[in-house]
Amino acid sequence: MDIEIRKVPFMDTELMAARDNEGNIYAGVSYICNGIGLSRNEKDRQVKNVQKDRVLMKGCGKFAAGVFDPNNETVALKLEYLPLWLAKINITPTMERETPELAERLEQYQLKAKDVLAAAFLPQMQPKPQEPHSYPPKSTSAGEVASLLKVLRATMKENKRPAETISRQVELSCKQFGVETVGDFVGHSPFEQLTICLIEGGPI
């Protein structure tokens with residue numbers, strides 16, 4: 001079975017999680033306990049609990065040495081069972097009074113650990129390309145559009161841009177300001193394009 005292992009940063013520590021070839025994500029129980037700050041005895045007790053609990057045992061799995069831990073077998077829990085398990089670890093008044101930091105970390109794990117681990121295995125989202133901004137047709141005068149197009153043409157010409165590139169930029173700018181262009185727009189020179197846009201009834 002192919003296993004994908006991830007170290008997942010969370011609250012100044014690293015958790016260990018694995019995804020099998022069926023898409024199931026498992027969280028290493030002892031790593032969660034260490035991250036919360038449980039004592040060794042409490043950690044061992046929790047490792048036993050997830051294997052004995054009537055519900056949690058259904059999502060429990062054992063991974064051979066070399067998967068999570070290079071030297072030891074690791075007990076892990078399917079991600080969907082993680083909130084239930086953590087909710088069974090009570091934040092008691094004694095814990096809040098004597099170890100408030102532990103109580104706070106446990107609460108954060110109960111609320112956020114599942115989502116953080118799940119996000120580690122999600123594909124990175126690609127930013128959506130931004131569409132050119134369109135301006136309301138009546139918000140810009142013909143003179144302002146003409147001035148902008150003249151500046152664009154002069155700048156691109158100074159940078160030795162091809163005539164066709166200049167034409168396409170003028171066409172794009174016209175569309176942004178609500179100026180309709182003729183079908184063979186790019187076939188005209190930039191000045192002819194400007195004249196067509198502003199004289200032949202293009203709305204602005």
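Helix H5 (residues 100–119) lies across strands S1, S2 and S3, and its direction runs at about 140° to that of S1. The model described here is a predicted one.

- An open sheet is formed by 5 strands in the order S1-S2-S3-S5-S4, with antiparallel pairing.
- Its edge strands are S1 and S4, each of which pairs on one side only.
- From one strand to the next, the twist averages 35°.
- Strands S2 and S3 pair in the antiparallel sense over 3 bridges, and Arg 19 has Ile 25 of S3 as its bridge partner.
- Helix H2 packs on the sheet, where it touches S4 and S5, and its direction makes about 55° with that of S5.
- In general, the strands of a sheet pair through backbone hydrogen bonds, in either a parallel or an antiparallel manner.

**Strand S5**

- With strand S3 (residues 25–28), S5 pairs in the antiparallel sense over 3 bridges; here the partner of Ala 27 in S5 is Leu 77.
- With strand S4 (residues 60–63), S5 pairs in the antiparallel sense over 4 bridges; here the partner of Lys 62 in S5 is Val 75.

**Nonpolar cores**

- The largest nonpolar core has 30 residues, of which Ile 32, Trp 85, Leu 86 and Leu 117 touch the most other members.
- At least two residues of this core are supplied by each of S1 (3–10), S2, S3, H1, H2, S5, H3 and H5.
- Helix H5 provides the largest share of this core, namely 6 residues.
- Leaving aside residues up to four places away in sequence, Leu 117 touches Val 8, Leu 15, Ala 17, Ala 27, Ile 32, Leu 79 and Leu 82.
- A second, separate core consists of 6 residues, among them Met 16, Ala 18, Tyr 26 and Phe 63.

**Helix H1**

- Helix H1 spans residues 29–36 and is mostly covered, with 6 of its 8 residues buried.
- The buried residues of H1 are Val 29, Ser 30, Ile 32, Cys 33, Gly 35 and Ile 36.
- These buried residues are covered by elements that include strand S2 (13–20), S3, helix H2 (40–52), S5, helix H3 (82–87) and helix H5.
- Ile 32 of H1 is also among the residues that touch the most other members of the largest nonpolar core.
- Gly 37, which comes just after H1, takes a positive phi of about 105°.

**Cysteines**

- The structure holds 0 disulfides.
- A disulfide is, in general terms, a covalent bond between the sulfur atoms of two cysteines.
- Cys 33 counts as buried because its relative accessibility is 0%, and the limit for that class is under 20%.
- Cys 60 counts as partly exposed because its relative accessibility is 22%, which lies in the class between buried, under 20%, and exposed, over 50%.

Conventions: Residues numbered from 1 in each chain as written. Predicted model: local features only at pLDDT ≥ 70, side-chain atom pairs only at ≥ 80, totals over all residues. Heavy atoms only, no water. Pairing = 2+ DSSP bridges. Disulfide = S-S within 2.5 Å. Buried < 20%, exposed > 50% of the residue type's maximum accessible area, 1.4 Å probe, protein only. Contact = heavy atoms within 4.5 Å. Core = buried A, V, L, I, M, F, W, Y, C linked by side-chain atoms within 4.5 Å. Axes fitted to C-alpha atoms, helices over the stretch in contact; angles between N-to-C directions.
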